[in-house]
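Open the model in your viewer and keep the sequence panel beside it. The stops below say what to select and what is there.

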Amino acid sequence: MLNQTSVNEFLLLGLTDIQELRPFLFVTFLTIYFANLTGNGAILMIVISDAKLHSPMYFFLGNLSSLDICYSTVTLPKMLENFVFPHKAISFVGCISQLHFFHFLGSTESMLLTVMAFDRFVAICKPLHYTVIMNHQRCIQMAGTVWIIGFFHALLHSIMTSCLNFCGSNQIHHFYCDIKPLLELACGNTELNQWLLNIVTGAIALGSFSLTLLSYFYIIMYLFFKTHSCSMLHKALSTCASHFMVVILFYAPVVFTYIRPSSDSSMDQDRIIAIMYTVITPVLNPLIYTLRNKEVKGALVRAMQRKL
């Protein structure tokens, strides 16, 4: 991925230019990052070690926790470094690599949430066929497919972005390397890159979101028209509520950032919104699943008792 450019590095301008705020922001985001690693790491550990959680739903939850750890790790360490050191440079190769892994993990998570919704649809609407449809081999195939599609989707963007010519400013008005800020700095025609962002990324995001909503539409219709037990209705809705909260937290800022047209005035908004899906959502996911899921809470208690 060699580019024809005179720019060898970029400057990540970060969240703020106010020096006095940087120590506070450093401590805040460092705490959030450690909470993310601890929470998602704990879920990943109990999903692997606890035999009672060896089911499709928790297999996908383990994948989600892995994604959330990696997703934050792509952006947060560099952000923390820039709070401490005055020189905010990132090499061209480092910038393209960060862009690649950001979109790789982000698009994979969006598709994984759809798979998780499908899993809930099968479990609730077709319970007698659940073990046949969501067998271990098929779960691995579905998870592997979304990881592979996410990788090649990101590879497409990273190759196309690396081929652009950057001959002017190298200052990125963001705290990580993303496509939209880089297109603002590129010289020449970026219509193809913009088209790929709008069409390909838009299709993955909106397609995944639509299929997720469709799964929940069928689940709600099934529960209200075919379930006559209030306790079963409450249990099924409670199981889906955690996942649906995660879906809304993830998709709302992503759709707002990538679907609307870019403008100079939107860059500050993009930075604030990006904090939601790169920092806040990954740390909230384990909290949501733990507080609303008795099986996860029980597994955590058993894990702590074994260590004590």
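A disulfide here is a pair of cysteine sulfur atoms within 2.5 Å. The model is a predicted one: local features need pLDDT of at least 70, side-chain atom pairs count only at pLDDT 80 or more, and totals for chains, interfaces and linings use all residues. Residues are numbered from 1 along each chain as its sequence is written, and side-chain values use heavy atoms, with hydrogens and water left out.

**Stop 1: the disulfides**

Select Cys95 and Cys177. A disulfide joins these two residues, with an S to S distance of 2.0 Å. Cys95 sits in helix H3 and Cys177 in the loop between E3 and helix H6 (179–185); the pair links distant parts of the chain, 82 residues apart. Helices (H or I, at least four residues) and strands (E, at least two) are DSSP runs, numbered from the N terminus. The torsion about the S-S bond of Cys95 and Cys177 is about -120 degrees, so this disulfide is left-handed.

Are Cys95 and Cys177 buried or exposed? Buried means under 20% relative accessible area, exposed means over 50%, and partly exposed lies in between (1.4 Å probe, protein chains only). Cys95 has a relative accessible area of 0% and is buried. Cys177 is also at 0% and counts as buried.

Next, select Cys167 and Cys187. These residues form a disulfide, with their sulfur atoms 2.0 Å apart. Cys167 is in the loop between helix H5 (136–162) and E3, while Cys187 is in the loop between H6 and helix H7 (191–226), 20 residues apart. The S-S torsion of Cys167 and Cys187 is about -115 degrees, so this disulfide is left-handed. Cys167 is partly exposed at 46% relative accessible area, and Cys187 is partly exposed at 23%.

A search of the whole structure finds 2 disulfides. Counting bonded cysteines along the chain, the disulfides follow the pattern 1-3, 2-4. Two further cysteines can be selected for their accessibility: Cys139 is buried at 3%, and Cys163 is partly exposed at 48%.

**Stop 2: the sheet**

Show the strands as a cartoon. In which order do the 3 strands of the open sheet lie? The order is E2-E1-E3, and the pairing is mixed. The edge strands, each pairing on one side only, are E2 (89–91) and E3 (171–172). Two strands pair if DSSP finds at least two bridges between them. Strands of a sheet pair through backbone hydrogen bonds, either parallel or antiparallel.

Select residues 9–12, which make up strand E1; 3 bridges join E1 to E2, and these two strands run antiparallel. Within this pairing, Phe10 stands opposite Ile90 in E2.

Axes are lines fitted to C-alpha atoms, for helices over the stretch in contact, and angles run from 0 to 180 degrees between N-to-C directions; contact means heavy atoms within 4.5 Å.

**Stop 3: aromatic rings**

Rings of Phe, Tyr and Trp (its six-membered ring) pair if their centres lie within 6.5 Å; planes under 30 degrees apart count as stacked, over 60 as edge-to-face and the rest as tilted. By this rule the count comes to 20 aromatic pairs.

Select Phe151 and Phe152. Their ring centres are 5.4 Å apart and their planes are at 90 degrees, so the pair is edge-to-face. Phe151 is partly exposed at 32%, whereas Phe152 is exposed at 52%.

Move to Phe209 and Tyr251. The ring centres of Phe209 and Tyr251 are 4.9 Å apart with planes at 40 degrees, so the pair is tilted. Phe209 lies in helix H7 and Tyr251 in helix H8 (residues 230–259), so the pair ties together parts that are 42 residues apart in sequence. Phe209 is partly exposed at 21%, and Tyr251 is buried at 2%.

Then select Tyr71, Phe102, Phe175, Tyr176 and Tyr277 together, which form one aromatic cluster.

**Stop 4: the whole chain**

The chain has 10 helices and 3 strands, in the sequence pattern β-α-α-β-α-α-α-β-α-α-α-α-α. Of its 308 residues, 50% count as buried. Among contacts in the chain with a separation of 6 or more, residues 24 or more positions apart account for 81%.
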